[in-house]
Amino acid sequence: MAHRWTNTLTHADVTPREAFLNRRQVMAGLAGVGLTAMAKPAAAQDGLEPNTWEEITTYNNYYEFGTGKDDPAKYAHTLVTEPWSVTIDGLVDRPGDYDFQAILSEMTIEERIYRFRCVEAWSMVIPWNGFELADLLNMAGVQDGAKYVAFETAYRPDEMPGTRFPVLDWPYREGLRLDEAMHPLTIMATGIYDRPIPNQNGAPLRLVVPWKYGFKSIKSIVRITLTEDEPPTSWNMSNPREYGFYSNVNPNVDHPRWSQASEREIGGGLFASRKPTLMFNGYEQEVASLYEGMDLAKNY
Ligand SMILES: Nc1nc2c(c(=O)[nH]1)N[C@H]1C(S)=C(S)[C@@H](COP(=O)(O)O)O[C@H]1N2
Ligand SMILES: [Mo]
């Protein structure tokens, strides 16, 4: 899909970001020619300036490879991502082990440029490639009683040096309410800047929920389970007072140890001023209705 356009570029040595920006210009030029194949998902994505490939792939949180921001880029290459399969089980019509390549062949890969806001109050803009989680769940067939979706990251101590330390209760686990999981903004990312997603960013497939704090966007997923009850999640288990199940980005609900009203933009430079954090990370129009009638300070 998107690769075709990238391949029309003639410079061999541009960075992924330059190639990407060039391609977007090409796309803009083609807009009136009837080539409408490019996905145009969230209206909110227009006007966002993506971070560089370098920034996105060297400043990471992936505790299975260490707690330093530069640890994942240094150590995550040891993770073996081929072959890869994802177990989909629980309340589904077609439970089983789904091969990653087989999944890909069924899915439509789109580009989604999303804001990404870590609970630690830094942020980036990332041009993901991926497919809607809803399409994958529908492939497995969600049963009536399902209310939540639980996710698990691979747990391979031999390939993940950070898991030798009890920083979290491994494997890393996350979860969503079913309506959050089925929302069209929720994607499984398989690429960045039209390249396969690097290991440090969660290869070969990771969740991206752009209106929630980054820790909800679980990496290198090996299992997806449809459940009736709210599943246990890693950060909530480790510190329930600081990290709730919902973890929607909210400038009005502070973390017990710091303000969430503003954020530091990665790549903004040492003296850049902090930017105000937006309700639901700027996706309020799209997702606020999911939480109607809920006290967001209690359901943090
Ligand atoms: N398995 C796993 N997934 C994870 C994490 C992790 O440590 N392990 N860190 C989370 C946190 S805190 C953030 S901010 C994002 C970081 O994603 P990035 O490194 O691609 O920016 O991944 C999330 N997913
Ligand atoms: Mo985070």
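Hi everyone, let me start with Pro171, which sits in the loop between strand E5 (148–153) and strand E6 (173–177). Strands here are DSSP runs of at least two residues, helices (H or I) are runs of at least four, and both are numbered from the N terminus. This is a predicted model, where local features need pLDDT of at least 70, side-chain atom pairs count only at pLDDT 80 or more, and totals for chains, interfaces and linings use all residues. Residues are numbered from 1 along each chain as its sequence is written, chains are lettered from A and ligands numbered from 1 in the order in which they are written, and side-chain values use heavy atoms, leaving out hydrogens and water.

Back to Pro171: the peptide bond joining Trp170 and Pro171 is cis, with omega about -5°. Ala203 and Pro204 are also joined by a cis peptide bond, with omega about -5°, and Pro204 belongs to the loop between strand E8 (195–196) and E9. Most peptide bonds are trans, and most residues other than glycine have a negative phi.

On that last point, what is phi for Tyr193? The value is near 50°, which is positive in a residue other than glycine. Tyr193 lies in the loop between strand E7 (187–192) and E8. Tyr193 counts as buried because its relative accessibility is 4%; buried means under 20% relative accessible area, exposed over 50%, partly exposed in between, with a 1.4 Å probe and protein chains only. Ser247 also has a positive phi near 50°, in the loop between helix H8 (234–238) and strand E11 (262–265).

Now to the ligand. Which residues come nearest to ligand 1? Of the 17 residues around ligand 1, they are Asn60, Tyr63, Glu64, Thr153 and Lys219, where "around" needs a heavy atom of the residue within 4 Å. The shell divides into 8 nonpolar, 6 polar and 3 charged residues; Ala, Val, Leu, Ile, Met, Phe, Trp, Tyr, Cys and Pro count as nonpolar, Asp, Glu, Lys and Arg as charged, and the others, Gly among them, as polar.

Side-chain polar atoms of Asn201 and Arg206 each lie 3.0 Å from an oxygen atom of ligand 1. A polar backbone atom of Ser217 is 3.0 Å from a nitrogen atom of ligand 1. The protein covers 98% of the 530 Å² of accessible area that ligand 1 has on its own, by the Shrake-Rupley method with a 1.4 Å probe.

The "binding site" annotation in the unreviewed UniProt entry includes Asn60, Asn201, Arg206 and Ser217; such annotations may be inferred rather than shown by experiment.

Let's look at two of those. Asn60 is in the loop between helix H3 (53–58) and helix H4 (71–75), and counts as buried because its relative accessibility is 3%. A polar atom of the Asn60 side chain lies 3.1 Å from the backbone oxygen of Ile56. Beyond four places in sequence, its contacts include Gln200, Asn201 and Lys219, a contact being heavy atoms within 4.5 Å.

Ser217 is in the loop between strand E9 (206–208) and strand E10 (221–227). Among its contacts beyond four places in sequence are Phe116 and Arg206.

One last stop: Gly130, in strand E4 (residues 122–132). Is Gly130 buried or exposed? With 1% relative accessibility, Gly130 counts as buried. Its C-alpha atom is 6.6 Å from that of Glu111, 19 residues away along the chain.

Terms used: A polar contact is a pair of N or O atoms within 3.5 Å; within protein, one must be able to donate a hydrogen and the other to accept it, and residues adjacent in sequence count only if both atoms are side-chain atoms.
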